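This report looks at how the parts of one protein chain are arranged. Please keep the sequence and the 3D view open while reading.

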Amino acid sequence: MDSSVWRVLGDDGAALVAPTGSGVLDGETVAVKDLFAVAGQRVGAGNPAWLARAPVEPVHAPAVAHLLEAGAAVTGIARTEEFAWSLTGANAHYGTPPNPAAPGRISGGSTSGPATAVAGGEVSIGLGTDTSGSIRVPAAYQGLWGFRPTHGAISGEGVLPLAPSFDTVGWLTRDPDLLARVGAVLLPAAGESPVGGSLTPVAALLDLAEPDVRSAVDNWLAASEASAAPASGTPWGDRDVPPFTGLPDAWVEAVRVVQAAEAWEIHAEWIGRHLEDLGPAVRGRFEFARSLTPDQVVEARGIAAEARSAIRGLFGDDVLVVPAASSVAPPAGDPGAAEAVRAATVALCATAVLGGLPALAVPLRTAAGLPAAACLIGPPNSDHTLLSLRPRS
């Protein structure tokens, strides 16, 4: 067992949890991010001190239970970054899971353990969460299909929260057919919004990507014969409310502040007694959260609400196309390289976060053969339709 990837595995190669039923996921195997309740196990949240005091869970989180009922087996509980609050995959206590698709490069987080387990062929499904990119970034870095659903479409019961305004249950696979079958199990069947417009690239967001990633997405769009404008014929940059020429800095900062405020509200009591038990990166994020004033939080919540309304107002039945991450996976062991691309990646991920929108990561390759990904962002509640698109990768 690679302890940077797995916290718990079944004994002697057996599943940790056997299927409880039979269905469309018969024979599939799951790596569960260490935030989900698995009956008989503890939730570790990527932190040894938290794990030591965590109770044994009496029942499965609904997302886990549904996969088991559909025929999948849980192979084990896989690592996450502390409290799922980072995008690199590095955990100060357990290390960084390797990247099978790009050896020597980081795995991407915070659904890092499940992503590595899927990319390495140890399981077929990685069950995780995406608050501000934690499914889409590891998908991009490791050549996987990944899906963040419409916010609130899947119950977060039994999942340790970070920021409920943005938290979503998500998953990763190596192929789109299985990605859609998982969606058929986890997503509600009713209330689907139509998608009938164009695949619509947003130039200003594409410009945030490094040239090799931008080129990979452009080439994929050209091969897909995607339109450069919505079905209405009005270029995105000419829309009135507001011109979608990128995300204002205030919108992206609102994600940061609201996420931090909610993380502190949820975890303050424990963090206040265990700050020294956190790795330096996550400790710094909680220290920032503790420093926020009520006025800052109120202002950020207002900006986030305005952004949500504005972003949703831009959608007819079109699908936005942006890079899932701004670069290929940075080299492992070089925190400066990861930090250099972090802001652009957070900004790219923020459209779906602020809009509460479904987002599909489509694996691509750069000219140098490294994994990258396009991200297709659909209207609210268009989850099943996005998953049925089967775009070529």
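## Helix α8 against helix α11

Are α8 and α11 roughly parallel or roughly perpendicular to each other? The model in view is a predicted one. In it, the axes of helix α8 (residues 249–274) and α11 cross at roughly 75° and come within 10 Å. Angles of 65 to 115 degrees count as roughly perpendicular, so α8 and α11 are roughly perpendicular to each other.

From α8, the residues W251, V252 and V255 make the contact. Their partners in α11 are V346, A347, A350, V353 and L354. By class, the contact of α8 with α11 has eight nonpolar residues, no polar and no charged ones.

## Helix α8 against helix α9

Helix α8 also meets helix α9 (residues 280–291), and the two axes come within 8 Å and cross at roughly 100°.

On the α8 side the residues are R256, V257, A260, A263, W264, H267 and I271. They meet F286, F288, A289 and R290 in α9. The contact of α8 with α9 divides into eight nonpolar, one polar and two charged residues.

## Helix α10 against helix α11

Helix α11 (residues 335–355) has a crossing with helix α10 (residues 294–314) as well. Their axes come within 8 Å, at an angle of roughly 95°, and α10 and α11 are therefore roughly perpendicular to each other.

Which residues make this contact? From α10 they are A304, A307, R308, I311 and R312, and from α11 they are T351, L354 and G355. Four of the residues in the contact of α10 with α11 are nonpolar, two are polar and two are charged. L354 of α11 belongs to this contact and is also part of the contact with α8.

## The sheet

Strands of a sheet pair through backbone hydrogen bonds, either parallel or antiparallel. Here, ten strands form an open sheet with mixed pairing, in the order β1-β3-β2-β4-β6-β5-β9-β10-β8-β7. The edge strands, each pairing on one side only, are β1 (6–9) and β7 (199–201). From one strand to the next, the twist averages 30°.

Strand β9 (residues 359–365) pairs with strand β10 (residues 371–377) over seven bridges, in the antiparallel sense. A361 stands opposite C375 in β10. Helix α5 (residues 176–186) packs on the sheet, where it touches β4 (125–130), β5 (145–148), β6 (168–173) and β9. The direction of α5 makes about 150° with that of β6.

## Empty space inside

Rolling a probe the size of a water molecule over the atoms shows where empty space is left. How many cavities of 30 Å³ or more are counted? The count comes to one, and about 40 Å³ of space lies in the largest cavity.

The lining of the largest cavity is made up of W145, P176, L179, L360, L386, L387, R390 and P391. The elements that give two or more residues to this lining are α5 and α12 (383–388). By class, the lining has seven nonpolar residues, no polar ones and one charged.

## Two backbone features in loops

Most residues other than glycine have a negative phi, and most peptide bonds are trans. Where does A45 lie? A45 is in the loop between β2 (29–33) and α1 (48–53). Its phi is near 55°, a positive value in a residue other than glycine.

S110 lies in the loop between β3 (73–78) and α3 (112–119).

Definitions and conventions
Residues numbered from 1 in each chain as written. Predicted model: local features only at pLDDT ≥ 70, side-chain atom pairs only at ≥ 80, totals over all residues. Heavy atoms only, no water. Axes fitted to C-alpha atoms, helices over the stretch in contact; angles between N-to-C directions. Helix = DSSP H or I, 4+ residues; strand = E, 2+ residues; numbered from the N terminus. Parallel < 35°, antiparallel > 145°, perpendicular 65-115°, else oblique. Contact = heavy atoms within 4.5 Å. Nonpolar A, V, L, I, M, F, W, Y, C, P; charged D, E, K, R; others polar. Pairing = 2+ DSSP bridges. 1 Å grid on protein atoms, 1.4 Å probe; cavity = no way out; pocket = protein on both sides within 12 Å on 5 of 7 lines; lining within 4 Å. Points joined across faces, edges and corners; volume = space filled by probe spheres on them.
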